[in-house]
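The tour moves from one selection to the next and says what is found at each stop.

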Amino acid sequence: MKEYVIDAKDMDEKELNRTIKQQAAFHEKLIIDNPESRHNICAGLSEDVSIEINGSAGYFVGTMVNGPKLHITGNAGWFAGDNMTKGELIIEGTAGDGAGQGIYGGTVIVKGSTGSRTGEIMKGGTVIIGGNSGYMTGLLMMGGKLIILGDVTDDVGESIMRGTIYVLGNVKSLGKNAVMEKTTLKDQKELKEILTEYGFDLTDKDYTNFKKIVNMQ
C-alpha cells in the first residue's frame, strides 16, 4: 500500500487540505500527524483513499466527502461528516453537536458520546454512536439509520419525516411526530450485521432491547 505522511504542525487549514487533495490522487493511504483540532479537514475530498488522523479534529471534519475512509484517533468538533455522500468516518473519541448532519450515504461512527442534534436532517446512510447523544437527536430526519448504544435526552426524533432511530439505552422524551415501536426480528438482524461489522460486541438480549423510533404517520 502506497502511504504518505503529512505533518500538519505548521500548516493552516487551506494548506493542509490542498496537500491532502494533491497526495490523495497518488496514494492509497494518508497519515496526518499533528492535526491539532484544525477545522474542515478533508472537506470536499472525493478520492477513494484511506486517511488516518492521529489526534483530534475540529469542526466539519469530513464535510461533503464522497468516497474516502477517515479514521480519527481522538475527538471531533461540531458537524463531523456533514453532508457526506459516500465513504466512512470513524471517530474513536467523542464528537460535538450535529455529528452526521445531512448525510446522503456512507457511515459515520462515533465510539464515544456526541452533543445535540446528532443525525439531524440526514437523508440516508448510517450514523452509529457508541455512547450517549444529546438534545433533539434525529431532528428533521429524512432517511437512513441512526443507532445510539447509550442514552438520549429530550425530544428524540423531533419532526422526523422518514428514516429510523434505534436506541439501546434510555430515551428521556420523544419529539413531535415521533413514536416508539418494538423492533422486529428483521430489525435486530440488520442491527447485528451493522454493529458487528464495526466491532461493537453486543449480546443477543441487547438486540432485543433496542427501541425503534419512527415518524408516527
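Begin with Val167, whose bridge partner in E11 is Lys211. Strand E9 (residues 162–167) and strand E11 (residues 211–215) run antiparallel and are joined by three bridges; two strands count as paired if DSSP finds at least two bridges between them. Strands (E, at least two residues) and helices (H or I, at least four) are DSSP runs numbered from the N terminus.

Before going further, note that this is a predicted model, in which local features need pLDDT of at least 70 and side-chain atom pairs count only at pLDDT 80 or more, while totals for chains, interfaces and linings use all residues. Residues are numbered from 1 along each chain as its sequence is written, and side-chain values use heavy atoms, with hydrogens and water left out.

**The sheet and its helices**

Select the strands together: 11 of them form an open sheet of mixed pairing, in the order E1-E2-E3-E4-E5-E6-E7-E8-E9-E11-E10. Strand E1 (3–7) and strand E10 (178–182) stand at the edges with a single partner strand each, so one side of each is left without a neighbour in the sheet. Neighbouring strands are turned by 15° against each other on average, direction ignored; the axes are lines fitted to C-alpha atoms, for helices over the stretch in contact, and angles run from 0 to 180 degrees between N-to-C directions.

Next select helix H1 (residues 13–24), which lies across E1, strand E2 (29–33) and strand E3 (50–54) and runs at about 160° to E2. Then take helix H2 (residues 185–197), which packs on the sheet and touches strand E7 (126–129), strand E8 (142–148), E9 and E11, contact meaning heavy atoms within 4.5 Å. The direction of H2 makes about 70° with that of E8.

**The nonpolar cores**

Show the largest nonpolar core, which has 42 residues, those with the most contacts inside it being Ile20, Ile41, Ile51, Val61 and Leu89. Such a core is a set of buried Ala, Val, Leu, Ile, Met, Phe, Trp, Tyr and Cys residues joined through side-chain atoms within 4.5 Å; buried means under 20% relative accessible area, exposed over 50%, and partly exposed in between, with a 1.4 Å probe and protein chains only. Apart from this core lies another, of 15 residues, among them Ile90, Leu195, Tyr198 and Phe210.

**Charged side chains**

A salt bridge here is a side-chain nitrogen of Lys or Arg within 4 Å of a carboxyl oxygen of Asp or Glu, and by this rule the count comes to nine. Select Lys9, Glu36 and Arg38, which are linked in a network of salt bridges: Lys9 meets Glu36 at 3.8 Å, N to O, and Glu36 meets Arg38 at 3.6 Å, N to O. Lys9, at 47% relative accessibility, counts as partly exposed, whereas Arg38, at 12%, counts as buried.

Move to Lys212 and Asp187, whose closest N and O atoms are 3.0 Å apart in a salt bridge. Lys212 lies in strand E11 and Asp187 in helix H2, so the pair ties together parts that are 25 residues apart in sequence. Lys212 is buried, and so is Asp187.

Which side chain of opposite charge is nearest to Asp97? Select Asp97, in the loop between strand E5 (86–91) and strand E6 (107–110): Asp97 is buried yet has no salt bridge, and that nearest side chain, Arg117, is 4.1 Å away.

How values were computed
Lys and Arg count as positive and Asp and Glu as negative; His and the chain ends are not counted.
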